[in-house]
Amino acid sequence: MIGEIYLGLKQNPYTAGRRIGQGGEGDVFEIKENTSLVIKIYREVLDVEKSDKLIFMSTLVNDELTKFAAWPVDVAKDKLGHICGFVMRKLEAYVPLHNLFSPMDRKKLFPDKGYNFLIHVARNLAIAFHKIHQLGIIVGDVNEANILVNSGGMVSLIDCDSFQIKKENKYYFCEVGIPRYTPPELLVQGSFNSVIRTTNTDGFSLGTLIFQLLFLGRAPFTGINPTNQEIDEETAIKTHEFAYSLKRRNKKLLPAKNSLDLSTMTSGMITLFHATFEGIVERPTAAMWVNELTILGKGIVQCAKTKIHYYLDVIGHCPWCQFRDKSNIIYFLDDSYLRAIPELNNIEQFVNGFKIERIELKKLMETYVTPGMVAKPINRRFYKLKYLNRIVISVIVIITIILCLSINWGILLGGVAAIYLFSSISKTTGKIHLELIQRQNNFNSLKLSFQDLIKQHNNPSDLNKYNQSSSTFSKLIDSFKALPVEFNLSKKKIEEDHYLKKMTFYLQQFDVRSHSIATFAASKKLLIYNNGIRTAADISKLRNTKIVGIGPKNIQILLDWQRQISAGFVYVPDASVLNIEFAAASDVIINKQKKLEIQIKTEHRNLEIYRASILSSTDRLGHQFKELSIKLYQAELDLNAFKILKGYG
């Protein structure tokens, strides 16, 4: 699919880029033509009903919808003209809502966020449902994975193609759903086919999500079963067995251990939760949740002991500190529950003691003209030789003329005289020519020395060594300054591994054969069990393991089940083990700090040596340059003057 071009309704081209998401029905890709959009391409051919629904949805798009949902802004057609996907807004820096349920995920993704942030997100979620309901749209398929949240607490719903949409008198139904978020009146029907959902049914789903946010992942229909009767979550929903109910008598489910009590909420919130989970006819609307969550948020105070702890003022004490101190349960992870680890000292102070002094070399140019200089006087004997040559040449010319006019023995005598005179010319000319060659050679030699000197000055022999040493020194400094970050990352990984081990141990208690997995038949359970997927912990292997008969949709169902099971995990860190591992990591970093200090000092000394050598060399060559410039220019003046004497100038 990557690289393929799809066309929109208005023939806009969409080229599929990098794949950024994968779900049960299809994959999501970046769009090369527009980085603010993405495209979802289905794996299977869409029927007419689904295609018509997507086209109609794209006509409903407006700013309100795109603010709270990844709504189809256009549909995508393949080369044959068939509808195969849709285009939507790209959500930058958003993560699934369930990341707020886990203390480790919160620490990693929202390290500075406390309980007040969870209330803020719950309120924004209620606003999103309210706005969507005002447009006559029903969400239907609601779960903690198809709602995203960013660091500002803004939420956005995805998988909008499963929403229930009404076009005049025709319904495009939402025929999927997860039992945990499905109201009892729909669960008892056994199927979602052709079921008309309403804002009232959405109210159950919204209330469940809000409950999970405020009760840190706990679900309203899971808890402790004090009876001998087996009650799974789906059965509890159907029979209105709200585990946290303050009204219900002879309860078959009690709140999970080490969780908040519903009585800690405001009276308005308590009323809404009871109406949502114990009523059917008229559940609270999204707008009602917005109002009560606003009131709830105003009653939040900050803990005096731990800055990340926020709690409802009506409680009278910090419940998060109480959970930590009495049960060693950490709901909001900071480092206050760990022994203080020695900090890295004097990092900046040490680094500031070393600086790379820049070497600014002023390049020498091949200019040697020195104002005010003149050529040295030429020895007078060269002038005499030049004049003598002229006289001799004149005599030879006269003799030649006479010879041409005379006969007899005078011809022989004149020839002898001419030969003698020509020999004299050769001697004087040779002396002048020899002097010219000597002057030319002297100039050439000086110029070569001059050019070599410039080359040495502009490219000192130690400059490459200095640059290499400077690069090494900079890398050492960067490594040294990064030690605190490296140590924090090391601690983070230790804590995450510790958390993951405990989470894995918890998930291993849930055998796939003996636990209810919605829409997953017993035969498929046996199939995955025989292929090594035996507990909820093994579900993660399906990301890299292929089992014939278990496709993307089934994998998504299993991942949803694993995620719901993990919501019941309570993190009880072993502080003593963590402190030992942190101390070991600290020792590694401190040893690395000492080693880097030695390397930095050594490399800094090398830099000083190279710099001193370069400056000394360039200073010496600079003086030689001035002296040689004078000599070279003098040689050039003398050469040119002699050329003029010889008749070249």
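By class, 6 nonpolar, 6 polar and 3 charged residues line the second largest pocket. In this classification Ala, Val, Leu, Ile, Met, Phe, Trp, Tyr, Cys and Pro are nonpolar, Asp, Glu, Lys and Arg are charged, and the others, Gly among them, are polar.

The model is predicted: local features need pLDDT of at least 70, side-chain atom pairs count only at pLDDT 80 or more, and totals for chains, interfaces and linings use all residues. Residues are numbered from 1 along each chain as its sequence is written, and side-chain values use heavy atoms, with hydrogens and water left out.

**Stop one: the pocket**

Select Leu187, Gly190, Ser191, Phe192 and Thr519, which lie nearest the centre of the second largest pocket, out of 15 lining residues. Helix H5 (184-187) and helix H7 (233-238) are the elements that each give two or more residues to this lining. Helices (H or I, at least four residues) and strands (E, at least two) are DSSP runs, numbered from the N terminus. The volume of the pocket is about 220 Å³.

On a 1 Å grid over the protein atoms alone, a pocket is an open set of points with protein on both sides within 12 Å along at least five of seven lines, a cavity is a set where a 1.4 Å probe fits but cannot get out, and lining residues have an atom within 4 Å of a point. Grid points are joined across faces, edges and corners, and a volume is the space filled by probe spheres set on the points.

**Stop two: the largest cavity**

The whole structure has 3 cavities of 30 Å³ or more. For the largest cavity, select Pro103, Arg106, Lys107, Phe110, Pro111, Lys113, Ile308, Tyr331, Phe332 and Leu333, which line it. The space inside is about 50 Å³. Its lining has 7 nonpolar, no polar and 3 charged residues.

**Stop three: strand E3**

Select residues 26-31, strand E3, where 6 of 6 residues are buried (under 20% relative accessible area with a 1.4 Å probe, protein chains only; exposed is over 50%, partly exposed in between). Ala16 has Ile31 in E3 as its bridge partner. A hairpin of 3 residues joins E2 to E3.

Gly26 has Tyr42 in E4 as its bridge partner. The hairpin from E3 to E4 has 5 residues.

**Stop four: Tyr387**

Select Tyr387 in helix H12 (residues 380-405). Tyr387 counts as partly exposed because its relative accessible area is 46%. Finally, select Pro573: its C-alpha atom is 112 Å from that of Tyr387, and the two are 186 residues apart along the chain.

Key
Two strands pair if DSSP finds at least two bridges between them.
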